[in-house]
Amino acid sequence: PNCKNNFQDPKMKTQPVKIAIFIILIQISFSETIYIPTDYPTIQDGITASADFDTIMVSPGEYFENINFLGKQIVVASHFIENDDPGFIESTIINGGALASVVTFDSGETHFAHLLGFTITNGMGNDVVWEFTGGGITCKNGSSPLLKNLIVSDNNSLGGGGIYIQDSSPDIQYCKILNNNSESTAGGIYCWESNLTISYTEISYNFAGWLAGGLFGGSNSVLNVSNLTVIGNISNDLSGGGIYTNNSSAFIVNTIARENQPDEIASYNDLGMYALEIDYSNVLNGEDGVVPWLNVDFVWGSHNQQDHPLFVDMHLQDFHLLPESPCIDAGDPNSPLDPDESITDIGAYYFPQGIEGNPGDLNSDGQVNVLDIVRLVNVILGDPASDYELWAGDINMDGDLNVLDIVQIINIIIG
């Protein structure tokens with residue numbers, strides 16, 4: 001009889017993985033940084049000239065382009081990645097000129113393809129039904145890029161005004177998806193036959209002419225949602241002002257959903273049962289703000305809340321939390337801790353805790369006086385600052401140090 005040994009040496013199983021890792025490390029060691037516009041005048045020229053694992057570093061400015069990653073595993077970034085200054089996100093703009101999607105991933109780009117630190121605006125998706133492209137960003141054909149620290153705003157499409165995802169698995173982190181428009185479905189993000197992971201992201205004031213103002217999942221998609229703030233989105237005709245799933249599942253945690261029209265979260269499944277699970281979240285009107293229309297395996301967790309989150313200024317669209325917010329330390333304790341090492345807060349923006357001192361007292365001398373104003377001005381002009389100085393200087397808690405904080409310190413001094 002054939003007594004061939006079917007057992008394999010475990011070391012043999014790991015060899016292909018080790019070889020793949022070795023090849024990647026070799027490629028990374030030979031990677032280059034291409035500077036735009038110093039080395040090439042346009043971002044697309046830089047992408048075309050790049051090799052896998054290169055970095056395309058883009059200087060501040062407005063670039064009127066519609067770029068495509070061309071299947072390359074590259075990093076396209078603003079100078080935000082060098083010092084975490086959000087000003088670089090706002091000042092490094094890719095403007096699609098209302099011609100097509102601003103950024104496209106459609107050649108199977110992997111998670112080594114990164115788009116970091118830009119404002120993506122004035123894109124126009126196509127109007128071919130069931131062959132949609134997003135106004136701001138398109139991810140298709142098995143692409144799985146990382147989209148991080150982006151502002152995706154004022155884009156238009158028939159489906160997916162901000163972002164359109166089909167047969168892909170992107171990871172979206174620390175983004176703002178706002179003021180985008182869809183003539184039909186999903187003013188913010190359209191997800192079709194895809195697995196979406198999205199976290200620490202604001203989806204606000206997007207509009208859909210038919211269905212799903214903010215975030216849509218359809219055709220066996222899976223939405224893994226954590227730490228979102230979903231505010232003020234409108235579905236003009238049917239349901240799903242904030243989040244809507246159709247024949248798809250959504251797992252929602254640590255998320256705020258409020259002031260969306262006509263409802264906060266909804267699901268309708270005519271092809272079988274699909275999951276909708278919500279926990280450790282703040283939803284306007286609580287469970288009544290969720291509409292499980294048909295065939296929904298609905299789980300409303302015991303840790304949800306409905307009281308107002310107490311934003312810094314909702315009218316000015318500042319959704320940072322006030323110190324009295326019920327969302328602070330109210331997230332899933334099994335989620336990653338906030339940067340201050342406390343239990344995660346609910347929503348896209350955490351409230352920093354554990355910093356002792358006096359607001360306005362940047363130099364920690366126990367007084368708020370003109371010396372603190374001088375220090376704040378220097379920090380605003382670019383001096384490196386400690387975490388304490390950033391906290392003490394941000395008097396109005398808007399996440400930015402600017403002239404408004406100087407005015408607040410003056411008010412403290414004069415009483």
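A residue is called buried when its relative accessible area is under 20%, exposed when that area is over 50%, and partly exposed in between (1.4 Å probe, protein chains only). The model is predicted: local features need pLDDT of at least 70, side-chain atom pairs count only at pLDDT 80 or more, and totals for chains, interfaces and linings use all residues. Residues are numbered from 1 along each chain as its sequence is written, and side-chain values use heavy atoms, with hydrogens and water left out.

**Stop 1: the charged network**

Select Glu389, which is buried at a relative accessible area of 13%. Glu389 forms a salt bridge with Arg375, the closest N and O atoms lying 2.8 Å apart; the term denotes a side-chain nitrogen of Lys or Arg within 4 Å of a carboxyl oxygen of Asp or Glu. This pair links distant parts of the chain, with Glu389 in helix H6 (residues 387-393) and Arg375 in helix H5 (residues 370-380), 14 residues apart. Helices (H or I, at least four residues) and strands (E, at least two) are DSSP runs, numbered from the N terminus.

Arg375 is buried at 19%, whereas Asp383 is partly exposed at 37%. Through shared partners, Arg375, Asp383 and Glu389 form one network. A search of the whole structure finds two salt bridges.

**Stop 2: helix H7**

Next, select residues 403-414, the twelve residues of H7. From first C-alpha to last, H7 reaches 17 Å, close to the 16 Å expected at 1.5 Å a residue, the expected span being 1.5 Å times one less than the number of residues. Which residues of H7 are buried? They are Asp405, Ile406 and Ile409.

At the start of H7, a side-chain oxygen of Asn402 comes within 3.0 Å of the backbone nitrogen of Leu404. After H7 comes Gly415, with a positive phi near 80 degrees.

**Stop 3: Ser281**

Finally, select Ser281, in the loop between strand E28 (274-279) and strand E29 (282-283). Ser281 is buried, at 1% relative accessible area. Its side chain reaches the backbone oxygen of Asp279 at 3.0 Å, and a polar atom of that side chain lies 3.3 Å from the backbone nitrogen of Asn254.

Terms used
Polar contact = N/O pair within 3.5 Å; in protein donor to acceptor, adjacent residues only side chain to side chain.
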